[in-house]
Amino acid sequence: MHYDGSKKVVIVTGATSGIGDAVVQAFGAMGASLVLVGRDHERGQRYAVQKLGCPAQLMLGDVADSGFADQVIASTVERYGKVDVLVNSAGIIRRGTAVETSDDDWRQTFGCASILAAPQ
């Protein structure tokens, strides 16, 4: 089965590393319109150098911030008129045991993956 992503508008959180980076590469190869969301400016800039071969916008910020998350959705809808695919691959890794992990670290870890939602 072949998926045609060429006419899709795709938001990818965590786009500057790991799974998010792989998703960006896959949808970029299909020619989708991409909104790359991440916190790392240097890694994000490599996409400008790589020239993904498709429309792409980089938005830098923390998706655990609901104001930024709202801005990502609003900006995408304003620019492209829709959101077809939302890939929430942002994540935070905190090293330590469950006992050693502070309440703030737990909130940050789970918060970054739960705030962004596409409009219905």
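Which helix does Met30 lie in?

1. **Placement of Met30.** Met30 belongs to helix α1, which covers residues 18-30. The model is predicted, so the confidence figures under point 6 should be read alongside each point.

2. **Surroundings of Met30.** With a relative accessible area of 30%, Met30 is partly exposed, because that value falls between the 20% and 50% cut-offs. Beyond residues up to four places away in sequence, Met30 touches Tyr3, Gly5 and Ser6. Ser6 sits 24 residues from Met30 along the chain.

3. **Geometry of α1.** The helix has 13 residues. At 1.5 Å a residue, α1 should span 18 Å. Its end C-alpha atoms are 19 Å apart, which agrees. Just after α1, Gly31 adopts a positive phi of about 90°.

4. Which residues of α1 are buried? They are Gly20, Val23, Val24, Phe27 and Gly28. These residues cover an arc of only 130° around the axis, so they lie on the same side of α1. The face turned away from the buried side carries the exposed residues Gly18, Ile19 and Ala29.

5. **Ser33 and strand β2.** Ser33 lies in strand β2, residues 33-38. Is Ser33 buried or exposed? It counts as buried, at 13% relative accessibility, because buried means under 20%. Leaving aside neighbours within four places in sequence, Ser33 contacts Lys8, Val9, Val10, Pro55 and Tyr80.

6. **Confidence.** The protein averages a pLDDT of 80. Of its residues, 78% score at least 70. Among the elements, strand β1 (residues 9-13) has the highest mean pLDDT, 94. Helix α4 (residues 103-111) has the lowest, 65.

7. **Overall layout.** The protein has four helices and four strands. From the N terminus on, the elements run β-α-β-α-β-α-β-α. Contacts between residues 24 or more positions apart make up 57% of those with a separation of 6 or more.

8. **Burial and surface.** The protein has 120 residues, and 35% of them count as buried.

Key. Residues numbered from 1 in each chain as written. Predicted model: local features only at pLDDT ≥ 70, side-chain atom pairs only at ≥ 80, totals over all residues. Heavy atoms only, no water. Helix = DSSP H or I, 4+ residues; strand = E, 2+ residues; numbered from the N terminus. Buried < 20%, exposed > 50% of the residue type's maximum accessible area, 1.4 Å probe, protein only. Contact = heavy atoms within 4.5 Å. Expected span 1.5 Å × (residues − 1). Arc of directions from axis to C-beta. pLDDT = per-residue confidence, 0-100.
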